[in-house]
Amino acid sequence: MKLKNPMLVVRDIDQSVEFYNRVFGLHVIMDFGANKTLTGGLALQTAETYQEFIGDRAISFGGNNFELYFEEDDFDQFADRLKGFQVDYVHPVKEHRWGQRVVRFYDPDRHIIEVGENMKAVCRRFLASGMTPDQVAVRMDVPMKFVNACLR
């Protein structure tokens, strides 16, 4: 067995497709009308058709118990570009204890989206700041093997 796609139930599939295109550059690669698959494997399903699948069970949005996670090589550029969109932030850019910068926000149906700085980019940022490889390994709580791979 193999996991194929995460699927989000959405109220307005066209609005969601536009959102994921504008913010992430994702494009529709399979269009079944009420179900669309985007580049990267994200699938969207209309709430009306999903309701048929689950019967009389309620569909709830904004549960804050699930997120889609993206990584970005040029995190600063993405964070600046994100300011140009009307997004509702879960939190602004913050830095985790291991040094990775992240931002979380909601899509139009209040699914949480996290965009994190690529971990190799974090490593390279610390090295460029003058930290030694040993200091980077301690700061990021990663093995030296990972830091050495980032040096290549």
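This is a walk through one predicted protein model, from its overall build down to single residues. Residues are numbered from 1 along each chain as its sequence is written, and side-chain values use heavy atoms, with hydrogens and water left out. Because the model is predicted, local features need pLDDT of at least 70 and side-chain atom pairs count only at pLDDT 80 or more, while totals for chains, interfaces and linings use all residues.

Let us start with the whole chain. Its secondary structure comes to six helices and eight strands. Here helices (H or I, at least four residues) and strands (E, at least two) are DSSP runs, numbered from the N terminus. The C-alpha trace spans about 55 × 40 × 25 Å along its principal axes. Of the 152 residues in the chain, 41% are buried. Buried means under 20% relative accessible area, exposed means over 50%, and partly exposed lies in between (1.4 Å probe, protein chains only). Among the contacts in the chain with a separation of 6 or more, 52% come from residues 24 or more positions apart; a contact means heavy atoms within 4.5 Å.

Now find the sheet. Four strands form an open sheet in the order E5-E8-E7-E6, with mixed pairing. Two strands pair if DSSP finds at least two bridges between them. Strand E5 (67-72) and strand E6 (89-95) stand at the edges with a single partner strand each, so one side of each has no neighbour in the sheet. From one strand to the next, the twist averages 15 degrees. E5 and E8 pair in the parallel sense over six bridges, and Leu68 has Ile113 in E8 as its bridge partner. Two helices pack on this sheet. H1 touches E5, E7 and E8, and its direction makes about 160 degrees with that of E7. H3 touches E5, E6, E7 and E8, and its direction makes about 30 degrees with that of E7. For these angles, axes are lines fitted to C-alpha atoms, for helices over the stretch in contact, and the values run from 0 to 180 degrees between N-to-C directions.

Helices also pack on each other. Helix H4 (residues 119-128) and helix H6 (residues 144-151) meet at an angle of about 80 degrees, with their axes 9 Å apart. H4 and H6 are therefore roughly perpendicular to each other, a label that covers 65 to 115 degrees; under 35 counts as roughly parallel, over 145 as roughly antiparallel and the rest as oblique. On the H4 side, Met119, Lys120, Cys123, Arg124 and Leu127 meet Phe146, Val147, Cys150 and Leu151 of H6. By class, this contact has seven nonpolar, no polar and two charged residues. In this grouping Ala, Val, Leu, Ile, Met, Phe, Trp, Tyr, Cys and Pro count as nonpolar, Asp, Glu, Lys and Arg as charged, and the others, Gly among them, as polar.

Next, look for charged partners. The whole structure has twelve salt bridges, where a salt bridge is a side-chain nitrogen of Lys or Arg within 4 Å of a carboxyl oxygen of Asp or Glu. One of them joins Glu18 and Arg22 at 3.6 Å, N to O. These two are four residues apart in helix H1 (residues 13-24), which means that about one helical turn separates them. Another joins Asp76 and Arg101 at 2.6 Å, N to O. Asp76 lies in helix H3 (residues 75-82) and Arg101 in strand E7 (residues 101-106), so the pair ties together parts that are 25 residues apart in sequence. Asp76 is partly exposed at 42% relative accessibility, whereas Arg101 is buried at 15%. Arg101 also meets Glu117 in a salt bridge of 3.0 Å, N to O. A network of salt bridges links Asp76, Glu95, Arg101, Glu117, Arg125 and Arg139.

Most residues other than glycine have a negative phi. Asp141, in the loop between helix H5 (133-140) and H6, has a positive phi too, near 60 degrees. Arg110 is partly exposed at 37% relative accessible area, and Asp141 is exposed at 58%.
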